[in-house]
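Q: Could you walk me through the ligand site here? I'm new to this one.
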Amino acid sequence: MKLFDLSGSVALVTGAGSGIGQRIAVGLGEAGADVALLDRRSDDGLAKTAAAIAALGRRSIPIAADVTSAEALADAVERTENELGALHFAVNAAGIANANPAEEMEESQFQTMLDVNLKGVFLSAQAEARAMLRHGRGSIVNIASMSGAIVNRGLSQCHYNASKAGVIHMSKSMAMEWVGRGIRVNTISPGYTATPMNTRPEMVHQTKLFEEQTPMGRMGTVDEMVGPAIFLLSDAASFVTGVDLLVDGGFCCW
Ligand code: NAD
């Protein structure tokens with residue numbers, strides 16, 4: 001068994017047009033996988049990810065789709081298997097973030113957050129696992145957040161925090177449903193990470209606070225999400241399922 005090696009395998013990554021999902025998708029290419037790239041973005045985000053993977057000599061297919069659509073996800077998995085081969089690995093990173101005090105939040109804002117961040121991960125993992133269960137082998141990593149375990153000081157985002165706590169516990173539940181059928185399911189919970197989600201101009205003040213509040217004194221980089229993802233997907237983690245891996249610069253220790 002070659003640890004950390006994904007050579008000759010096929011992976012699907014949601015949220016592959018930006019940030020953490022984009023960098024992990026390229027990282028899976030670096031580890032030897034061909035990668036289906038799913039995102040709802042219609043700009044050049046997916047094209048950039050695809051170009052980076054092509055430069056590694058790996059194949060990829062860009063798929064413009066929304067993770068709130070079960071039908072779109074079923075089509076995406078079918079296309080992945082038809083064009084790249086049997087699906088064995090998936091990383092579900094598509095997500096959104098915003099903030100609003102709980103007492104002012106409209107029902108629709110709460111609902112949209114849950115639809116994308118929780119139902120979107122459910123539908124993605126369901127579509128991926130249906131294929132993996134047919135093959136009797138697979139590994140899924142869902143991107144949750146440390147906000148699923150702690151409440152970020154100063155950020156009014158009860159809907160986001162609830163969605164991420166949901167992702168962590170749903171993933172453990174899926175891990176147990178599929179544990180005897182060759183599928184592992186784990187989550188990565190990033191701490192503050194420098195991506196477009198956190199580096200918008202209006203976030204400059206907030207970003208400084210994030211750095212001060214993190215024991216390592218800085219935000220994480222998207223590069224630092226790759227190793228944990230490859231570990232959890234690969235045979236290096238063959239006895240690891242139902243785990244939430246905090247990648248947070250020590251944030252949750254304080
Ligand atoms: P990002 O905004 O850079 O990337 C998110 C991607 O998801 C975008 O390309 C977006 O188009 C896509 N997306 C959003 N809604 C979608 C939908 N309905 N269907 C398909 N694609 C959709 O953000 P990021 O920081 O890379 O976040 C990636 C994941 O990591 C998210 O789940 C986020 O909650 C989580 N996370 C981020 C941080 C952080 O500090 N950046 C911390 C903890 C967790």
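**Ligand site**

A: A polar side-chain atom of Asp39 lies 2.6 Å from an oxygen atom of the ligand, a polar contact (a pair of N or O atoms within 3.5 Å).

Q: What should I know about the model?
A: It is a predicted model: local features need pLDDT of at least 70, side-chain atom pairs count only at pLDDT 80 or more, and totals for chains, interfaces and linings use all residues. Residues are numbered from 1 along each chain as its sequence is written, and side-chain values use heavy atoms, with hydrogens and water left out.

Q: Which backbone atom lies 2.7 Å from an oxygen atom of the ligand?
A: A backbone N or O atom of Ile20. A polar backbone atom of Arg40 is 3.3 Å from a ligand nitrogen.

Q: How much of the ligand's area does the protein bury?
A: The protein buries 94% of the 820 Å² that the ligand exposes alone. Those areas come from the Shrake-Rupley method with a 1.4 Å probe.

Q: How many residues surround the ligand?
A: There are 29, and Ser18, Asp39, Tyr160, Thr195 and Asn198 are the closest. Here, near means a heavy atom within 4 Å.

Q: Switching topic: which residues line the second largest pocket?
A: Ile150, Val151, Arg153, Gln213, Phe251 and Trp254. On a 1 Å grid over the protein atoms alone, a pocket is an open set of points where a 1.4 Å probe fits, with protein on both sides within 12 Å along at least five of seven lines; lining residues have an atom within 4 Å of a point.

How values were computed:
A polar contact is a pair of N or O atoms within 3.5 Å; within protein, one must be able to donate a hydrogen and the other to accept it, and residues adjacent in sequence count only if both atoms are side-chain atoms.
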